Amino acid sequence: MAEPVDLDHFDRRIIAIVRRNNLEPARLIATQVGLSESAVLRRLRRLRATGVIMADIAVIDPSRLAPAILIHVLVELKQSGLRVEQAFAARLAGREEVIGAWNVTGRTDFLLTVTVPSIEAYQRFSDEVLAADENVRDFETLVTLREIVRPRHLREGHLREGEPL
């Protein structure tokens, strides 16, 4: 597990801004947080170098692309343990259908988020990845009908002072 990085008030405000729009120019960030442009650039470099900012990515609206189905899958393994879980995680990492995966507590060992163009494509994925894995005891497929709450960083508005990132 990575070591926590010491963040001050300015770092947290910068993170909140780039979380909403990582293309925001440093000069505009500087005016919003009350620092110079060069100070903001130094802080952004440090946040990237320390891994606080892991990547600068584009968040794609799936509705604007070819039709896709968003599926959540609860996976229960026959055996637990670091090696077994790492092997399963490695198989997931190689699959482009998997857009998120979490090792979780409770009856389920893994929670997956999968996107596919059709139910037939999901059937192929589940046959190849889940049913074919001898250590998968069971899996439950939950098909998303509609989004109810957007992730916090994609919602309109700004984070208030002291609000979690």
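Is Phe125 buried or exposed? Phe125 is buried, and its relative accessible area is 0%. The structure shown above is a predicted model.

## The chain at a glance

The chain holds 5 helices and 4 strands. Read from the N terminus, its elements follow the order α-α-α-β-α-β-β-α-β.

The chain has 165 residues, and 27% of them are buried.

## H1 against H2

Two packed helices are described by the angle between their axes and the distance between the axes. Helix H1 covers residues 9-20, and helix H2 covers residues 26-33. Their axes come within 10 Å and cross at roughly 130°. The crossing of H1 and H2 is right-handed.

Which residues of H1 and H2 make the contact? H1 supplies Phe10, Arg13, Ile14, Ile17 and Val18. H2 supplies Ile29, Gln32 and Val33. Sorted by class, the contact of H1 with H2 has 6 nonpolar residues, 1 polar and 1 charged.

## H1 against H3

H1 also packs with helix H3, which spans residues 37-49. The angle between H1 and H3 is about 80°, and their axes are 11 Å apart. That angle makes H1 roughly perpendicular to H3.

On the H1 side, the contact is made by Phe10, Asp11, Ile14, Ile15 and Val18. On the H3 side, it is made by Val40, Arg43, Leu44, Arg46 and Leu47. By class, the contact of H1 with H3 has 7 nonpolar residues, no polar ones and 3 charged.

## Asp11 in helix H1

Asp11 is found in helix H1. Is Asp11 buried or exposed? Asp11 is buried, because its relative accessible area is 1% and buried means under 20%.

Set aside the neighbours of Asp11 within four places in sequence. Asp11 is then in contact with Asp6, Arg43 and Arg46. Arg43 and Arg46 belong to the H3 side of the contact between H1 and H3. Val40 is part of the H3 side as well. Asp11 and Val40 lie 29 residues apart in sequence. In space they are 8.7 Å apart, C-alpha to C-alpha.

Take the rings of Tyr122 and Phe125: their centres are 6.1 Å apart and their planes stand at 35°, so the pair is tilted.

Helix H5 covers residues 119-131. Tyr122 and Phe125 are 3 residues apart in H5, so about one helical turn separates them. Tyr122 counts as buried at 6% relative accessibility. Phe125 is buried too, at 0%.

## Ser126 in helix H5

Ser126 also has its place in helix H5. Ser126 is buried, with a relative accessible area of 3%.

Which residues does Ser126 touch, not counting residues up to four places away in sequence? Ser126 touches Ala131 and Phe139.

Key
Residues are numbered from 1 along each chain as its sequence is written. This is a predicted model: local features need pLDDT of at least 70, side-chain atom pairs count only at pLDDT 80 or more; totals for chains, interfaces and linings use all residues. Side-chain values use heavy atoms; hydrogens and water are left out. Rings of Phe, Tyr and Trp (its six-membered ring) pair if their centres lie within 6.5 Å; planes under 30 degrees apart count as stacked, over 60 as edge-to-face and the rest as tilted. Helices (H or I, at least four residues) and strands (E, at least two) are DSSP runs, numbered from the N terminus. Buried means under 20% relative accessible area, exposed over 50%, partly exposed in between (1.4 Å probe, protein chains only). Axes are lines fitted to C-alpha atoms, for helices over the stretch in contact, and angles run from 0 to 180 degrees between N-to-C directions. A crossing is left-handed if the near helix is turned anticlockwise from the far one by less than a right angle, and right-handed if clockwise. Contact means heavy atoms within 4.5 Å. Ala, Val, Leu, Ile, Met, Phe, Trp, Tyr, Cys and Pro count as nonpolar, Asp, Glu, Lys and Arg as charged, and the others, Gly among them, as polar. Angles under 35 degrees count as roughly parallel, over 145 as roughly antiparallel, 65 to 115 as roughly perpendicular and the rest as oblique.
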